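Good morning, and thank you for coming. Please look at the sequence and the structure on the screen while I describe how the side chains pack.

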Amino acid sequence: MTTINDIHDALLSNVFASITDVRSRNSLALVCRRFMLLERSTRVSITLRGNVRDLYMIPFCFRSVAHLDLSLLSPWGHSLLSSSPAQRFDPQLLAQRLRVAFPSVTSLTVYARSPSTIQILLSQWPGLNRIKLVRWHRRLSQWYIGADFDPLFEQCQNLAWLDLSSFYYWTEDLPPVLQKNPKVSRSLVHLNLLTTSFAEGFKSQEIGEITAACPGLKRFMVACNFDPRYIGSVGDETLLAISSNCSDLTLLHLVDTSALADSRGNPESEGFTSEDARITRVGLVDFFSAMPFLEELVLDVCRNVRDSGLALEVLNSKCKKLKALKLGQFHGICMAIEWQLDGVALCAGLEELSIKNCADLTDMGLIAIGRGCCNLTKFEVEGCKRITEKGMRTMASLLRKTLVQVKISCCKNLDAAASLRSLEPICDRIQKLHIDCVWNGLEETENSNHLLHGFDLNEMDESGSSSLPGNEYEDMCRKKRKYALDEDSSNLQSNGNGFWCKTWDKLQYLSLWIEVGQVLTPLPMAGLEDCPNLEEISIKVEGDCRGRHKPQQPEFGLNCLARYPRLSKMLLDCGETLGYALTAPSGQMDLSLWERFFLNGIGNLSLNELDYWPPQDRDVNQRSLSLPAAALLPECQTLRKLFIHGTAHEHFMMFLLRNPNPNLRDVQLREDYYPAPENDMSTEMRVDSCSRFEDRLNSRHILD
């Protein structure tokens, strides 16, 4: 009888190489020596998570690793290879040991607190072609212009891929270095400059210099400023410079720095800003005509770009390979006049479309997009005041065969219940979903559910009469009857409260936005009661606690998530929740009490991994774990990984170990926000504090 031991090593290697889950690969390596050798030989990527002082214990069996990530070593943000007197080991010896342990590295991610780290580390692998630098700490003013990038371009002659999206530097640092190293600059094909910590971004002249120095770019992402009130704002001339210097681009992201903050806008806004961007329809037409190879385009302008429909039609005719498109503050993208398709609706090849802050997008525009862009798998709409549940539901019906990922945010007429009702036609197919937890319409759900179940594709004007020609009218009528009949009413279930819901069979990822002071409890009632395969949830709490009184409910409502049986990973982001870290005024709660409110009930969840951003006090630049949070987090007995994106006192962290959670294995403080506090000036966790905590954590007996 043939067994797995009879399979040739070459075939087993292909099987092992297809396994991406780290714990599964580690389990395979424990089966036998043969499996261990095959697993190690097919491991091409590894992230080191130990303490930097223990790097001398690195094993030498991962010799096939091509991508090495050193950015998450503990203590997080520590100068890995600095030559400071406090350093307990020789940085040169440590760098050489890393090279011996991982001789095949061609891709490197590292937290580069200072230029010396880059200089020492990169010299170990002269063949590096992909580099990502990470730094959330301030750039010191005494460093000369380009100090971070000079060793990078001098030592990595084969550099083709550079990611600076999480690396704080000055915009004037980069262009001179690119111009000084023309050979390396010309070899770059990927350049990510979407640095979230920028206040103003790259100026128009700097973008021109960067693209002129890197004519071979295929993928270019940059944070910039489209506000015409600022000197160096991006306009038509910048777009034409990019198209002239880098005509072979397949991916281009131009994002205003204000959009990188990712804060929710005002749903009551009309959608128009006070200023228009210096981007015209003629400029867009010339730009699109010169970019024939574009496959993905993001223009998040945050300033008005008016009458863009014609330019988007040119985009469709000139950029035949375009698959993904995101437009921010573009108006007139689809007017949907009578029955003809126009604007973005003519981009039939699109698979991903994101529309943000389009003031004149209506239900008929959504329906036209659903008819024209019939291959969409991902659709996002944000800040569009004029669209309603009816238009979104019709669009979802038209895209039932393809649409699996949806985001609906900051749309006045689409609260949580309305958003979920509008997606009922695809609730059995959708895999990723984002909604805003605005509970305004819950009391209307019962009455409106049966009214909106049958939608009319023929309402083209306010009078209710159709202006479609005969054949089109008959086709749309047939589609209306088809989608009405295809709705399987047998899947509708009552949740016992008079509301109707469906089973979201394939939903695996759920993202929620909620205003501070509101609760999650109505989420099941809004329509998400039955999600049998939901594995990951992301919750962002945003708002100013200052001036708010104590919530009427005692807890945020995390226990309502216990109804999802496969939920194992959660991201709870309270980082944009502002309050008082110290004593609050009379009648208000400080941040420690708000943390108790947010985390109450977490012990009812069966989470495996939790990322938690504590609320912050911007006046003192403090995002710190409080005593109530330190006491509540260990109540989740199944938790294996806990990442706190902030600071904490050492004795608070020790609370995590007092509660006997036998599964807790990986805990780390990550101050990944700008400006990250300096460790030597903080009264909270320092290098020695982190080491003591990790020693205690690692000394515990882990069952598996």
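Predicted model: local features only at pLDDT ≥ 70, side-chain atom pairs only at ≥ 80, totals over all residues.

I begin with two helices, where Arg281, Leu284, Val285, Phe288 and Ser289 of α12 meet Leu310, Ala311, Val314, Leu315 and Lys318 of α13. Contact here means heavy atoms within 4.5 Å. Helices (H or I, at least four residues) and strands (E, at least two) are DSSP runs, numbered from the N terminus.

Residues are numbered from 1 along each chain as its sequence is written, and side-chain values use heavy atoms, leaving out hydrogens and water.

How do the axes of α12 and α13 cross? The axes of α12 (residues 281-289) and α13 (residues 309-318) come within 9 Å and cross at roughly 5°. That makes α12 roughly parallel to α13, a term for angles under 35 degrees. Axes are lines fitted to C-alpha atoms, for helices over the stretch in contact, and angles run from 0 to 180 degrees between N-to-C directions.

Next, the core. The largest nonpolar core has 192 residues, and Phe102, Leu152, Ile369, Ile539 and Leu561 have the most contacts inside it. Such a core is a set of buried Ala, Val, Leu, Ile, Met, Phe, Trp, Tyr and Cys residues joined through side-chain atoms within 4.5 Å; buried means under 20% relative accessible area (1.4 Å probe, protein chains only). Strand β9 (residues 296-305) gives the most to this core, with six residues. Leaving aside residues up to four places away in sequence, Leu152 touches Ile118, Leu122, Ile131, Leu133, Leu159 and Leu162.

I turn to the rings. Rings of Phe, Tyr and Trp (its six-membered ring) pair if their centres lie within 6.5 Å, and planes over 60 degrees apart count as edge-to-face. By this rule the count comes to 15 aromatic pairs. One of them is the edge-to-face pair of Phe149 and Tyr169, with 5.3 Å centre to centre and 85° between the planes. Phe149 lies in the loop between β4 (130-135) and α6 (150-155), and Tyr169 in the loop between β5 (161-167) and α7 (174-180), so the pair ties together parts that are 20 residues apart in sequence. Phe149 counts as buried because its relative accessibility is 0%. Ring pairs also link Phe149, Phe167, Tyr169, Phe198 and Phe202 into a cluster.

Terms used:
Buried < 20%, exposed > 50% of the residue type's maximum accessible area, 1.4 Å probe, protein only. Phe/Tyr/Trp six-rings, centres within 6.5 Å; stacked < 30°, edge-to-face > 60°. Parallel < 35°, antiparallel > 145°, perpendicular 65-115°, else oblique.
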